[in-house]
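Biologist: I would like to learn how to read the features of a model like this one. Could we take them one at a time?

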Amino acid sequence: MANRPLETDYLVVGAGAMGMAFTDALIDHADVHVVLVDRRHAAGGHWHDAYPFVQLHQASLFYGVASTVLGTGAEQQRGPETGLQERARQSEIVAYYDDILHRRFVGSGRVTFLGGSEYRADGSDHVVTSLVSGATTRIDVRRRLVDATYLSPTVPATTPPPFGVATDTPVVSVGELARLDAAPSDYVIVGSGKTATDAICWLLTNGVSPQRVVWVRPRDPWMLNRTTVQPDPAVAFALVADTMAAAADSASPDEVFVRLEEAGVMMRVDPQVAPAMAKTPTLGAWELDLLRSVERVVRMGHVRNVTDREIVLDRGTVPLAAGSLVVHCAASGLRYPPIVPLWEPDSIRLQTIRAGFPCFCAALAGYVEATRDDDRERNRLCPPNALPDRPGDWLWMQVRGAEATRSYGAEPDIAAWANGCALNPARVEPSRRDDPDVVAAAARLAEQTERGLDRMAALAVEPVWKSSRA
């Protein structure tokens, strides 16, 4: 069964964070129509599959779409993060995207949403199939196909454990922790990244003793001190200045991170172990204290198999105590496809541009698509960047992001748009331009930038997944 064809200017595949941010900026600055397609029945991407106690690890202001602030922009008034910007929870994020989709997008008449549908290319045709009715719709695209799924993350709820599980062995994904019928004797947390740290902190704040937690940690992670990633230009400039200063005086990527730790920028759980992972989510000092209270840490590589009696890892086997529950937190999270130009003849493939902050990067791409006519110019202004995995990758991301920021920041209209965009971590509101703290931080950054960037470029390790075309 086929529906009548739809005509549109842009077909955006993926209504997650990047697809929503791109579409928002595009319709804000161009008189166009968009068909937005997603396999889910609502906007918000992986937030619909995330564990129920998840929060943004960054300030809410840095997430969402450019036209509408997520949350209130308020500082937290109580708890261990008093004085830091609020961080939205899953329910708030899902409601936010639902409002943006229906009130701002569909309500404007300029966006058609095809939820619960799957896109495929059929030769030169664009075809969308409903996962409910099975009906197909051909989309006649006047301008662009936009792939907003290129960096879609993987999460435990939709990704099987990356290890063998024997029959009747108690293994659950992290989201099931909030739905247990009875408490196990021990919780075995498998994973090194943000999901694992969130799971441990949630367990401990809900009364589980650290002695009942076993942390299987294949790699130790570097994490950013959350106090250094705030929507305050003085804080933002100080963070970059500290990074440049650390790089300028270092002989290796690992030394850069140690110097950043000494400056209060980076954190690691165990000061005696050199982390090999540098995806660098933010972490609060209170969370670090909780993580350090877990003493039963297994560092024997990745898990290969789990039975009801033991865990088999790369470098040995550990027993599994009776009554234990193994918690799968080992989805890769960030994805690392080859880096390609954002604008190519067949499509736009959304990727990060500056260092991190994917919502701002997608909004920037939407603005540039709306305001520039030449793909070569668009790609010059918005070169693709990588998401980091190791310390050397992280430095490479910083260098490439700095170069991109210089490119688009030299365009007066883009600079003005970016400075008015709450998603931009480097935004300086007019009322803060002459603030002594901002002026001092900007001066220190200017002093450190040239030497720091040169040294960082020398130390950076080009990601192994990087395409030669980028």
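Modeller: Start with a loop. Arg179 sits in the loop that lies between β10 and β11; helices (H or I, at least four residues) and strands (E, at least two) are DSSP runs, numbered from the N terminus. This is a predicted model, in which local features need pLDDT of at least 70 and side-chain atom pairs count only at pLDDT 80 or more, while totals for chains, interfaces and linings use all residues. Residues are numbered from 1 along each chain as its sequence is written, and side-chain values use heavy atoms, with hydrogens and water left out.

Biologist: Why does Arg179 count as partly exposed?

Modeller: Buried means under 20% relative accessible area, exposed over 50%, and partly exposed in between (1.4 Å probe, protein chains only). Arg179 has 48% relative accessibility, so it counts as partly exposed. Arg179 is also 9.6 Å from Pro52, C-alpha to C-alpha, although 127 residues separate the two in sequence.

Biologist: How should I read strand pairing, and which strands does β20 pair with in the parallel sense?

Modeller: Strands of a sheet pair through backbone hydrogen bonds, either parallel or antiparallel. Two strands are taken as paired if DSSP finds at least two bridges between them. β10 (residues 171-173) runs parallel to β20 and is joined to it by three bridges, with Val172 opposite Val327. β11 (residues 187-190) is also parallel to β20, over four bridges, and there Tyr187 has Leu325 as its bridge partner.

Biologist: Are the faces of β20 covered or open?

Modeller: In a regular strand the side chains alternate between the two faces of the sheet. In β20 (residues 325-328) both faces are covered: Leu325 and Val327 are buried on one side, Val326 and His328 on the other. Strand β2 (residues 34-37) is likewise covered on both faces, with Val34 and Leu36 buried on one side and Val35 and Val37 on the other.

Biologist: In what order do the strands of the open sheet with β9 run?

Modeller: The order is β9-β17-β18-β19, four strands with mixed pairing. β9 (164-165) and β19 (316-319) are at the edges with a single partner strand each, so one side of each has no neighbour in the sheet. β9 pairs with β17 (residues 303-306) in the parallel sense over two bridges; Gly164 is opposite Asn305, and Val165 has Val306 as its bridge partner. β17 and β18 (residues 310-313) pair antiparallel over three bridges and form a hairpin with three residues between them.

Biologist: What angle do α7 and α10 make?

Modeller: Two packed helices are described by the angle between their axes and the distance between the axes. For α7 (residues 358-371) and α10 (residues 412-419) the angle is about 140° and the axes are 11 Å apart. Axes are lines fitted to C-alpha atoms, for helices over the stretch in contact, and angles run from 0 to 180 degrees between N-to-C directions. Contact means heavy atoms within 4.5 Å. On the α7 side, the residues include Phe360, Leu364 and Tyr367, and on the α10 side Ile414 and Trp417.

Biologist: Which residues have the most contacts inside the largest nonpolar core?

Modeller: A nonpolar core is a set of buried Ala, Val, Leu, Ile, Met, Phe, Trp, Tyr and Cys residues joined through side-chain atoms within 4.5 Å. The largest has 118 residues, and Met20, Tyr97 and Ile189 have the most contacts inside it. Its largest share, nine residues, comes from α7.
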